[in-house]
Every structure is written in structure tokens, then in C-alpha cells.
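Hi,

Here is the structure I promised to pass on.

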Amino acid sequence: MSEQEDRLQITLDAAVERYDDRVSVPFAASPALRVIPSDTFYAYVFPLGGGLGIDASTGTANQIAQAWKRALDLSTNLPPERQIELLGHPDHAADMSLRWLMQHELNHFAIGHFRITGSAGLLEAGDPTGFGIATQGAAPPELPVESFLAEDEEHWLSYCLELQADQDATEIFLGAYSAENWKLFRYYATSVLMVILIIEREERGKETSRTHPFAETRLFMLLAYLTELPFIPAYKRAEREGLDYVPEEYLPSDSEISDYRAAVVEPVFASSQILAEAVGLTDFW
Ligand SMILES: [Zn+2]
């Protein structure tokens, strides 16, 4: 097994384990990973038997690792307060990005997206043509959608599925709020952003057949979730206690919130510029 095959399998296994830790019902299938030896970025998830299959190219792992190296090179030339702060070796950041991508794939299945697509798979990026593999259904510019959508709304469906998979994957990946975990949230969210920006780069040039929302939308969803995160324990506590309001004293203090935003939300937003440049999206902002 090549190093990249190993990394893809290890990060997929870690994503399943994380799902089981964070969600009360264990993940309902054993995903079958097929690694495609190709330098291009390619990731595809599809129904397989009662479970799911994931195709990922070795290039997916390689390109994420290379993008992280470039991002860190760019970052070291910036003033200290604008640099990207990792927790550990750059290879670990690449593994975290890959693990979030796997988490996203698992959630397409867990949420039930293949029931909505009529069992068509969902392509994150890349083109299977030329790999000599049989894919189960094509990427869905034309989804066999259920009748609850009006015809002029159908093209939004794949965007919605992607945003839903993003949100669930990010919730699982980041874990519950704790004031001790600010650095971890920042690090993890930056790892998520790297994948979003690489997919954006892959989507460029096919604006009439995009299947993913623009990276700006996905980034703002991520920032919105990060902004909400410190309040979630208070909401849950109030709900557990059957209250229809959230008592003031359950909420974090104003100073905790402003420190949190400065330590987490703002650096993640600021890193989007560096990461975009690192993946080759020079006109992102
Ligand atoms: Zn997706």
C-alpha cells in the first residue's frame, strides 16, 4: 500500500470513529474505500449495497499536503499576528483536512442524501473519465429530485446537500464547545477551509455545471457556526430543562465571547486569504 493509500484509509477510519464518538447512533455501514492512482483531485461518494463506497485519488491526499506546505511557506513571510498557527506537524494538518473530507462523505450517506438523488453518487471534485472505473451514476447536474421541489428550484438541490453535509461534518469534526479548546477549533476550522478552497478551485471553469456552492458561501456557513458555537451549551441546557428561553446566566460572558472571536473566528477568516493563494485561487478576495 502506498503512503497516500494509507493516509486515505487511516483518515476514513478516523472519521468513522469520530462519528461514533460524537453521534448517539453509530455509523450504519462500513464504507468501502477505493483508491484511484491519479495526480488529479478526485473524490466521489456513492451508494453500495446497503452502505456506501468512497472513491478518492492519491492526488487528493497529495494536493492537500502540497497546499498545506505552500500555505505555511506563505504564512512564515507574514507578520506574526497574521501567520497561520498549527498544532503540530504540517502533515497532521493535511490529515485533518482529509479527515474532514471523509467526514463530509460519510454524512452524505448518514443524512440520507442518496434517497434524494435516486441513488446517484455525489462528486466532490474531479472527473472519473479515463480512470477505467465504473461509477455508480454520474455527478448530478440533473438530479432525479423528488416532487417537493419546483422545477426552477432543482438546480439548488445539490448546493443544499453539500451545505448540509458540510454542517454535519463540521459539527462532528469540531466537537462540543469548551473554553479550553479555542486553539483546536481554530486549527480544525482552518483545516476544513483548505478542503473547501481546493474544491472551489476544481469547480472554477465549469460555472454552468457546478455542484457545490461557492466557497464564499461555504466559508460564511463555517464562520456562522463558529460564531454560534460558544452559545450552544446554553441552548442545550435550557432545552434539557424544558425552558422556552435561555437564561442570561447560562450564556458565556461578553468578554469570553469577544476573546473567543479574536482567537478563533477572526484568524480563521484571515487565513482564508493565505489558503486561497496557496491553492491557486488568486482572485478569491
Ligand atoms: Zn459533498
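**What I found**

Let me start with alanine 179, which sits in the loop between helix 5 (157–174) and helix 6 (182–203). Helices here are DSSP runs of H or I with at least four residues, strands are runs of E with at least two, and both are numbered from the N terminus. Before going on, please keep in mind that this is a predicted model: local features need pLDDT of at least 70, side-chain atom pairs count only at pLDDT 80 or more, and totals for chains, interfaces and linings use all residues. Residues are numbered from 1 along each chain as its sequence is written.

Alanine 179 is exposed, because it has 10 other C-beta atoms within 10 Å.

**Helix 9**

Helix 9 covers residues 254–279, and its 26 residues should span 38 Å at 1.5 Å a residue; the end C-alpha atoms are 36 Å apart, which agrees. (The expected span is 1.5 Å times one less than the number of residues.) There is a bend of about 40° at arginine 261, where a bend is the angle between axes fitted to the seven residues ending at a residue and the seven starting there. The buried residues of helix 9 include Tyr260, Val264, Val265, Pro267 and Val268. Among the elements covering the buried residues of helix 9 are helix 2 (58–76), helix 6 and helix 7 (215–228). After helix 9 comes glycine 280, with a positive phi near 95°.

**Helix 6**

How well does the length of helix 6 agree with 1.5 Å a residue? Its 22 residues should span 32 Å, and its end C-alpha atoms are 32 Å apart, so the two agree. Of those 22 residues, 17 are buried, so helix 6 is largely enclosed by the rest of the structure. Glycine 205 follows helix 6, and its phi is positive too, near 90°.

Two packed helices are described by the angle between their axes and the distance between the axes. For the pairs below, axes are lines fitted to C-alpha atoms over the stretch in contact, and angles run from 0 to 180 degrees between N-to-C directions.

- Helix 2 and helix 3 (residues 90–111): their axes come within 9 Å and cross at roughly 130°. The two are therefore oblique to each other. (Under 35 degrees counts as roughly parallel, over 145 as roughly antiparallel, 65 to 115 as roughly perpendicular and the rest as oblique.) Residues making the contact include Ala61, Ile64 and Trp68 of helix 2 and Pro90, Ala94 and Leu98 of helix 3. (In contact means C-beta atoms, placed from the backbone, within 7 Å.)
- Helix 1 (residues 3–22) and helix 3: these pack at about 60° with axes 8 Å apart. That makes helix 1 oblique to helix 3. Among the residues that meet are Arg7, Leu8 and Tyr19 in helix 1 and Asp95, Met102 and Leu106 in helix 3.
- Helix 3 and helix 6: the axes come within 8 Å and cross at roughly 70°. Helix 3 and helix 6 are therefore roughly perpendicular to each other. Their contact involves residues including Met96, Trp100 and Leu101 of helix 3 and Tyr188, Val192 and Met194 of helix 6.

Leaving aside neighbours within four places in sequence, glutamate 105 is in contact with Ala43, Val45 and Ile54.

**Two loop residues**

Most residues other than glycine have a negative phi. Serine 119 has a positive phi of about 70° although it is not a glycine. This serine 119 lies in the loop between helix 4 (113–116) and strand 4 (122–125), and it is exposed, with 12 other C-beta atoms within 10 Å.

Proline 80 is in the loop between helix 2 and helix 3. With 7 C-beta neighbours inside 10 Å, proline 80 counts as exposed. From proline 80 to tryptophan 100 is 20 residues in sequence and 27 Å in space, C-alpha to C-alpha.

Cheers

Methods:
Buried ≥ 20, exposed ≤ 12 C-beta atoms within 10 Å, placed from the backbone. Contact = placed C-beta atoms within 7 Å.
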